[in-house]
Amino acid sequence: MFHRSASTMSKRKLCITLSNFLRRTPLIPQCSTFNFSSPQIKHSSPLFTLQNPNFHKPICCYYSSSLGFLRFFGKRSWCSKYAEKLESCSSNDSKCWNCDVVPAASESTVPFLFCESCRCVQPVDDSVDYFQIFGLEKKHDIEDKNLESKYKGWQKKLHPDLVHSKSQKERDFAAEQSARVIDAYRTLSKPLSRGIYMLKLDGVEIDEEQTISDPELLAEVMEIREEVEEATNSEALNLILSQMQEKMQNWSTALADALQSQNFEEAKTSILRMTYYSRAIEEVIKKL
């Protein structure tokens, strides 16, 4: 009897201990550190999501430090909503280095180059491309006619002369931001440089000093050079200039079509043509 009683008490004690243990196990993810090398895993503390190509929705993955294992939820549940909430909170982590103010939701479409709260210039964010700086859609045909006014608007906030009395840190930020905005404006304001930049964003590098291998283009370039050299008056030069500008416009249209269809080889052909026509235009203008 004593033996049975002791056994029964031992089992009861074990059940109580296990029950207490489970009750103490947290139902929300605990902070833990993971080191994953796979680029398919997007992780952040205290949770991460595994992007499974076989499912349309991410699989929420929670780690419990007490149980020491991973819980996977393939279907949408309260945990996935919790994951989305945390992800949305961490998606906009930009804040002012000076006053710690986070840009308002209404300012989310504007790159955070300047803090409207404390009027401080922010450090350069290389993830912001030139099109985003001016609030433009990434395409070759720029429909926005206010590029120059937007450029001047940024310079009224970022120009180094405006922060000459502030800290060296902010003066450095202003110099970098202002130079980047200038380069962005010069790049996007011309069809040729705009096309080269768009290819660069897609990982396609262009050799602007590439030699001509197309016999037709080579013959055309030689002919243009001879016409420019032989032109003796402004009327002849203006005629050549008009012809070159028309060719530039035609190939600019071809470049826009190639970029839209992601035909990078055609885009590079258009850029090569435009490069030589641009040089011819420069020579004519010098001679005028």
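## Buried residues of helix α4

A residue counts as buried when its relative accessible area is under 20%. By that cut-off, helix α4 of this predicted model has buried positions at L147, Y151, W154, Q155 and L158. These residues cover an arc of only 100° around the axis, so they lie on the same side of α4.

What do the buried residues of α4 pack against? Their partners are α3 (130-133) and α5 (168-188).

The length of α4 also checks out. The helix runs over residues 147-158, which is 12 residues. At 1.5 Å a residue it should span 16 Å, and its end C-alpha atoms are 16 Å apart, so the two values agree.

## The chain as a whole

The chain holds nine helices and four strands. In sequence order the pattern reads α-β-β-β-β-α-α-α-α-α-α-α-α.

The chain has 288 residues, and 31% of them count as buried. Take the contacts between residues at least 6 apart in sequence: 55% of these join residues at least 24 apart.

## α4 against α5

How do α4 and α5 run, roughly parallel or roughly antiparallel? Their axes come within 10 Å and cross at roughly 170°. The cut-off for roughly antiparallel is an angle over 145 degrees. The pair is therefore roughly antiparallel.

On the α4 side, the contact is made by L147, E148, Y151, W154, Q155 and L158. On the α5 side, the residues are A174, Q177, S178, V181, I182, Y185 and L188. Sorted by class, this contact has nine nonpolar, three polar and one charged residues.

Angles under 35 degrees count as roughly parallel.

Helix α7 brings E216, L217, E220, V221, I224, V228, E229 and E230 to the contact. Helix α9 brings L272, R273, Y276, Y277, A280, V284 and K287. Which classes do the residues of this contact fall into? Nine are nonpolar and six are charged, with no polar residues.

## The two helix pairs in brief

For α4 with α5, the crossing is roughly 170°, and the contact includes three polar residues and one charged residue.

Terms used:
Residues numbered from 1 in each chain as written. Predicted model: local features only at pLDDT ≥ 70, side-chain atom pairs only at ≥ 80, totals over all residues. Heavy atoms only, no water. Contact = heavy atoms within 4.5 Å. Nonpolar A, V, L, I, M, F, W, Y, C, P; charged D, E, K, R; others polar. Expected span 1.5 Å × (residues − 1). Buried < 20%, exposed > 50% of the residue type's maximum accessible area, 1.4 Å probe, protein only. Arc of directions from axis to C-beta. Axes fitted to C-alpha atoms, helices over the stretch in contact; angles between N-to-C directions. Parallel < 35°, antiparallel > 145°, perpendicular 65-115°, else oblique.
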